[in-house]
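Subject: Structure for your files

Hello,

Here is the structure I promised to pass on. My notes on it follow below.

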Amino acid sequence: MNLPSHVTLVDVGPRDGLQNEKQPVDTATKIELVHRLQAAGLREIEVTSFVSPRWVPQMADNTAVLGGITRQAGVRTSVLVPNLKGLDGVLALPAAARPDEIVVFGAASEAFSQRNINCSVAESIERFAPVVQAAHAAGLKVRSALSCALGCPYQGEVTPDEVERVVVLLKGIGVDHCGIADTVGVGTPRRVQAVMERALRHFPLVEVSGHFHDTYGQAVANVMACLELGIHQFDTSVAGLGGCPYAPGATGNVATEDVVFLLRGLGIDTGIDLDALVDAAAFISAALGRRPVSRTANAWLARRAAAAAAGSHA
Ligand code: HMG
Ligand code: MG
């Protein structure tokens, strides 16, 4: 089986990871997290959202976070944008703070679209169309995220036909990239492949990615299933942070550390330093007052602690 030789991971921890946090997370902590992800070798970071602060208060400091980041050469940033108002916010940023990419986010299920962005799927596409046009005119790449592609917390089952219908609509308004999202983590490998194949009918391999929440522990297996199709971009979240405020019960994204460990084992390059990544996971988890969700991060930290204890007894 020919697997990709390189995989790009987009760390969505600062956005998907933190958007659902009930406790206040200060802007300086968010900026430090992005700096630590850069230091670990992440080259794609989803930093924040330009959504309504009434809907998602945790992302209200979007401008301050972007303004506070000292971006390393080669690092690309992205932000969620649901409408023209959000794009206006992005375009008003000073050049140094402006992201490289925006993400419009739709859904394969009507019920989730209503709960998450307060409109039908058809209305969302109408809303996104001028956003895509204006973003392109401003030189921004447009990624799309298609939620509930493997199941919906309100509707239940979602079929590959329903997913493909929205993939076609997104293609029609000119988005550059199609991210397939398992919002509630119910996908399993063969079903994930069936849905990915629908996206690959309309977008080239290089512009299809997977975004897997790990609610049922299937996300690493689902990444593997995508690698078997040649897909080589995934959204992951440092420390396994995350969840969507409008998807009750959904836990975090697959942890970046867990996917890096998988890829190292497969001999696939990511350019990410696992040791520094675990430091970033430990940093944000301490700031939030809990342990990382990531199995790899916890194993790595336990190994470090054991080595330190052995050293102190030598
Ligand atoms: P709405 O209430 O229908 O919007 O919300 P509206 O156009 O009627 O405006 C109402 C008010 O919101 C107005 O303010 C607007 O100015 C303001 P007022 O005049 O009443 O003071 N407003 C905004 N403010 C700031 N930025 C904006 C903006 N737009 C309107 N962009 C809206 C519609 C889409 C805005 C709302 O539903 C919303 O913000 N939803 C965001 C939900 C969200 O962020 N969910 C989490 C991210 S998606 C996710 O996690 C899934 C993903 O990870 C993939 C996966 O796992 O599935 C991507
Ligand atoms: Mg998500």
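**Helix packing**

Helix α5 (residues 110-117) packs with helix α6 (residues 121-137) at an angle of about 55°, and their axes are 9 Å apart. Helices (H or I, at least four residues) and strands (E, at least two) are DSSP runs, numbered from the N terminus. Axes are lines fitted to C-alpha atoms, for helices over the stretch in contact, and angles run from 0 to 180 degrees between N-to-C directions. α5 and α6 are therefore oblique to each other, on a scale where angles under 35 degrees are roughly parallel, over 145 roughly antiparallel, 65 to 115 roughly perpendicular and the rest oblique. Glu110, Ser113 and Ile117 of α5 make the contact with Val121, Ser124, Arg127 and Phe128 of α6, contact meaning heavy atoms within 4.5 Å. By class, this contact has three nonpolar, two polar and two charged residues; Ala, Val, Leu, Ile, Met, Phe, Trp, Tyr, Cys and Pro count as nonpolar, Asp, Glu, Lys and Arg as charged, and the others, Gly among them, as polar.

**Conventions**

This is a predicted model, in which local features need pLDDT of at least 70 and side-chain atom pairs count only at pLDDT 80 or more, while totals for chains, interfaces and linings use all residues. Residues are numbered from 1 along each chain as its sequence is written, chains are lettered from A and ligands numbered from 1 in the order in which they are written, and side-chain values use heavy atoms, with hydrogens and water left out.

**Barrel**

Eight strands close into a barrel with parallel pairing, in the order β1-β2-β3-β4-β5-β6-β7-β8. From one strand to the next the twist averages 25°. Two strands pair if DSSP finds at least two bridges between them. Strand β1 (residues 8-11) runs parallel to strand β8 (residues 233-236), and four bridges join them; Val10 has Asp235 of β8 as its bridge partner. Strand β2 (residues 44-49) pairs with β3 in the parallel sense over five bridges, and Thr48 has Val79 of β3 as its bridge partner. In strand β3 (residues 76-80), four of the five residues are buried, that is, under 20% relative accessible area, with exposed over 50% and partly exposed in between (1.4 Å probe, protein chains only).

**Helices on the sheet**

Helix α7 (residues 160-172) lies across β4 (101-107), β5 (141-147) and β6 (177-182), and runs at about 165° to β5. Helix α8 (residues 189-200) packs on the sheet and touches β6 and β7, its direction making about 145° with that of β7. The buried residues of helix α9 (residues 219-228) are Ala219, Asn222, Val223, Ala225, Cys226 and Leu227. They pack against β6, α8, β7, β8 and α10 (256-265). Gly230, with a positive phi near 95°, follows α9.

Asp16 is buried at 2% relative accessibility, and His211 is buried with a relative accessible area of 8%.

Regards
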